[in-house]
Amino acid sequence: MSRKQSSIQHYLHSLMILLCLPDVPKKPTLSDVDTLISLELGSAMHVSVLKLDNTSFDVAVMNFATIKDLKIAVEKKVNEMDQ
């Protein structure tokens, strides 16, 4: 990881702690933060996923997201929940 990326990660982590943002993942990427900001501005949407065991979770994707983008967001959320 480059020094700039490390600095951005540290800044995002600090921001998450200071603002107590529950929607921000534990290790947010710039893309995660951008999507959450876009969600607040109305250019992204929440998608609720209902699993076969009747549990559910939400993911946020941009309004112009493709099915591939949605699949990646769901896989990322599932991996995050497993950890």
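Tutor: Let us begin with charge pairing: the structure, which is a predicted model, holds one salt bridge.

Student: Which residue does Asp32 form a salt bridge with?

Tutor: The partner of Asp32 is Lys76, and the closest N and O atoms of the two are 2.7 Å apart. This pair links distant parts of the chain, since Asp32 lies in helix 2 whereas Lys76 lies in helix 3 (residues 67–82), 44 residues apart.

Student: And is Asp32 buried or exposed?

Tutor: Asp32 is buried, because its relative accessible area is 15%, and the cut-off for buried is under 20%. Lys76, on the other hand, counts as partly exposed, with a relative accessible area of 34%.

Student: What else is Asp32 in contact with?

Tutor: If we leave aside the neighbours within four places in sequence, Asp32 is in contact with Pro25 and Lys27, as well as with Lys76.

Student: Switching topic, how many helices and strands does the chain have?

Tutor: The chain has three helices and two strands, and, read from the N terminus on, the elements follow the order α-α-β-β-α. Helix 2, where Asp32 sits, covers residues 30–41.

Student: What about the whole chain, how much of it is buried?

Tutor: Of its 83 residues, 20% count as buried. The accessible surface of the chain comes to about 6600 Å², and carbon and sulfur atoms make up 60% of that surface.

Student: And what share of the contacts is between residues 24 or more positions apart?

Tutor: Such pairs account for 15% of the contacts in the chain with a separation of 6 or more.

How values were computed:
Residues are numbered from 1 along each chain as its sequence is written. This is a predicted model: local features need pLDDT of at least 70, side-chain atom pairs count only at pLDDT 80 or more; totals for chains, interfaces and linings use all residues. Side-chain values use heavy atoms; hydrogens and water are left out. Helices (H or I, at least four residues) and strands (E, at least two) are DSSP runs, numbered from the N terminus. Contact means heavy atoms within 4.5 Å. Buried means under 20% relative accessible area, exposed over 50%, partly exposed in between (1.4 Å probe, protein chains only). Accessible areas come from the Shrake-Rupley method with a 1.4 Å probe; for residues, only the protein chains shown count as cover. A salt bridge is a side-chain nitrogen of Lys or Arg within 4 Å of a carboxyl oxygen of Asp or Glu.
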